[in-house]
Amino acid sequence: MNDFNFRVGGAAGQGVQTIGYVLAKTLARGNLSIHLSQDYESRIRGGHNFTDIRVSEEPLYGSTERVDLLIALNGETLEKHQAALSSKGVAIFDAENNGLDASKPYEFNVPFERIAVETAGNKIFSNTTATGAALSLVGYDLDYLREVLIETFKAKSIKVAEDNIRAAEAGYRYVEKNFKGETALKLKPVKGQRRMLINGNESLSLGALAAGCKFMSGYPMTPSTGILQYLMNQRIIAEQGEDEIAAINMAIGAGFTGVRSMVATSGGGFSLMVEALGLAAMTETPVVIVLGQRPGPATGFPTRTAQSELEFVMHAAQGEFARAVLAPRDAEDVFYLIAKAFNIAERYQIPVIVLTDQFLADSYWTIPPFEFSTIQIDRGALLTEEEATKIKDYARYRFTESGISPRALPGYKDVLVVADSDEHTEQGHITESAEIRVKMADKRVWKTRGLEKEFTPLSYGPEEAKTVLLGWGSTYGALREAVDRLNQKSRRVRMVHLNAIWPFPTEAVQEMLKDSEKRIMVEGNAIGQLARVIRTETGVEMTGKILRYDGRPITADYVVRSFGEAVK
């Protein structure tokens, strides 16, 4: 498989993310598969950032640690990443401006700053010069870059767009004239269906819109902030609260009045929302809560990734009640899964928690256009005003066989809707009755019976393989690629992957693991949280674990490298 990885590195403020996105979009215009991942520090300016743009003619599911072309915007990037260069890898950098010496065969000096000043009049175009130089090294058509630069910068002014094009062309020509070596691969556009280049937060936001979400609230917390930013520009109400407590209570209030609502947060923001989570459960108010995981405790690594909130969200808030916990795999899966989250929230009248993480939120994938026609909106037992007025002595929390009470909305004519965060009767009034307490508790705990059967864990790889890699959420791409690579090495391995974790699909997981001999859990936390859940719910023990909790994403390279030790 042709598989090439660009790495752009520099200090915050040098345009690392801009180069990365422009480069990825340019390559995607040629129908190539792209995966873009970002590594950035929690600083406004300074510190080391880098972006990986992996490209292939074949579908890509995740990132790689190998570097084929390093675009170093400063000397620190060269120092940190040259060891990751592949055997034919090349590093380009501005030796004139960084006091570096391009003396090694894989090093190539491109005077980014001098070229930018001479052709576009300002050194701020140095990163665009670097982009043109990088595309020249792999022989890619410059016209795609011109097209993307116009789209990217025309909002500032046509002159800015044209200056960027001149800088890129000059970088491209400089390499054509001066570079005498070879790179690992030449990239050409391929025929095929045009695909979207989209990140996890954007895809989630579009899925929410497709599902009929009309109200979203939040308080900026990396990595979920992008959802609020995206939806603020859409035709829904997207509100930034004064804090996380206000944000979730606004979403619950909107849900109580019948509006499909969502709140997004991260890290300590969810901790602040926990009391209100219980309020949603007690009042049986549907709400979707997106939690973008990042390493804790406290502020931890605020701009890095983790899968360490699973057990927390399964038990967060006082008391016992039903909830659903979903964990999308990638930018395509999150679009459809968030739509399902809204249906579950309303069908069962519960809070639904969607666990993303920094890797999923900030990474870009090229994926097929969404099939909006497949999104079905199911509002569950939501009564129209006409239906509600026909019910004598309407009771919001009426006991039913399923535990789901038909829901009327406040403001319906001649229908009184009463709710309370205290224990309450079927009519919503406070009670101290032991008998009603037991019936209401049972209603809240058991009303999702059968929900686990709506989700089937994904199986990938040879079914007869006795060694199984297990994972959840955004590790999907890394595990899928690791399975392929291990099988190519004659290690018979398959994968079981979950994107819906609670209520736990006990029977399905037991069936998938019944013939396994080695079971290796792969997840982004220090204790193996899903492994503990599986043991509790199925009695099945893992025989090994591959855990990563240094704030960096799990890659196929990491899994393959760790596999030998884990499988012993």
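## Side-chain contacts in a predicted model

Arg7 and Asp52 are joined by a salt bridge in which the closest N and O atoms are 2.6 Å apart. This pair links distant parts of the chain, since Arg7 belongs to strand S1 (residues 3-11) and Asp52 to strand S3, 45 residues apart. Arg7 is buried, with a relative accessible area of 7%, and Asp52, at 4% relative accessibility, counts as buried too. The structure described here is a predicted model, and the contacts discussed below should be read with that in mind.

### Salt bridges

A search of the whole structure finds 39 salt bridges, of which that between Arg7 and Asp52 is one. Another is formed by the side chains of Glu346 and Arg407, which meet at 2.9 Å, N to O. Here again the pair links distant parts of the chain, with Glu346 in helix H13 (residues 331-348) and Arg407 in the loop between helix H15 (385-389) and helix H16 (434-446), 61 residues apart. Are the two partners buried or exposed? Glu346 has a relative accessibility of 4%, which is under the 20% limit, so it counts as buried, and Arg407 counts as buried at 3%.

The salt bridge between Arg548 and Asp550 has its closest N and O atoms 3.1 Å apart. In this pair Arg548 is buried, with a relative accessible area of 14%, whereas Asp550 is partly exposed, with a relative accessible area of 34%.

| Salt bridge | Closest N to O | Relative accessible area of each partner |
|---|---|---|
| Arg7 and Asp52 | 2.6 Å | Arg7 7%, Asp52 4% |
| Arg548 and Asp550 | 3.1 Å | Arg548 14%, Asp550 34% |

Salt bridges also join into a network, and one such network links Asp3, Arg54, Arg66, Asp68, Glu481, Arg485 and Asp557.

### Aromatic rings and charges over them

Across the whole structure, the search finds 13 aromatic pairs. In one of them, the rings of Tyr61 and Tyr476 have their centres 6.2 Å apart and their planes at 90 degrees, which is over 60 degrees, so the pair is edge-to-face. The pair links distant parts of the chain: Tyr61 lies in the loop between strand S3 (48-56) and strand S4 (67-72), while Tyr476 lies in helix H17 (residues 476-488), 415 residues apart. Tyr61 is partly exposed, with a relative accessible area of 27%, but Tyr476 counts as buried at 8% relative accessibility.

Phe108 and Tyr174 form a further aromatic pair, which is tilted, with 6.4 Å from centre to centre and 40 degrees between the planes. This pair, too, links distant parts of the chain, as Phe108 is in strand S6 (residues 107-109) and Tyr174 in helix H7 (residues 158-178), 66 residues apart. Phe108 counts as buried at 10% relative accessibility, whereas Tyr174 counts as partly exposed at 22%.

Phe335, Tyr336, Phe370 and Phe372 form one aromatic cluster. Rings also meet charged side chains: the charged end of Arg304 sits over the ring of Phe301, 5.9 Å from its centre, and that of Lys340 sits over the ring of Phe455, 4.6 Å from its centre.

In soluble globular proteins, nonpolar side chains tend to be buried together. The largest nonpolar core in this model has 47 residues, and those touching the most other members are Phe6, Leu27, Ile53, Leu69, Ile71, Ile92 and Leu187. Helix H1 (residues 16-28) supplies the largest share of this core, 7 residues. Which residues does Leu69 touch, not counting residues up to four places away in sequence? They are Phe4, Asn5, Phe6, Arg7, Val90, Ile92, Ala134, Leu137 and Val138. Arg7, one of these neighbours of Leu69, is also the salt-bridge partner of Asp52. A second, separate core of 43 residues includes Ile236, Ala264, Ala345 and Leu451.

### Glu387

Glu387 is found in helix H15 and is partly exposed, with a relative accessible area of 40%. A polar atom of the Glu387 side chain lies 2.9 Å from the backbone nitrogen of Thr384. Glu387 and Ala408 are 21 residues apart in sequence, and their C-alpha atoms are 8.8 Å apart in space.

How values were computed: Residues are numbered from 1 along each chain as its sequence is written. This is a predicted model: local features need pLDDT of at least 70, side-chain atom pairs count only at pLDDT 80 or more; totals for chains, interfaces and linings use all residues. Side-chain values use heavy atoms; hydrogens and water are left out. Rings of Phe, Tyr and Trp (its six-membered ring) pair if their centres lie within 6.5 Å; planes under 30 degrees apart count as stacked, over 60 as edge-to-face and the rest as tilted. Helices (H or I, at least four residues) and strands (E, at least two) are DSSP runs, numbered from the N terminus. Buried means under 20% relative accessible area, exposed over 50%, partly exposed in between (1.4 Å probe, protein chains only). A charge sits over a ring if NZ of Lys or CZ of Arg is within 6 Å of the ring centre and within 35 degrees of the ring normal. A nonpolar core is a set of buried Ala, Val, Leu, Ile, Met, Phe, Trp, Tyr and Cys residues joined through side-chain atoms within 4.5 Å. Contact means heavy atoms within 4.5 Å. A polar contact is a pair of N or O atoms within 3.5 Å; within protein, one must be able to donate a hydrogen and the other to accept it, and residues adjacent in sequence count only if both atoms are side-chain atoms.
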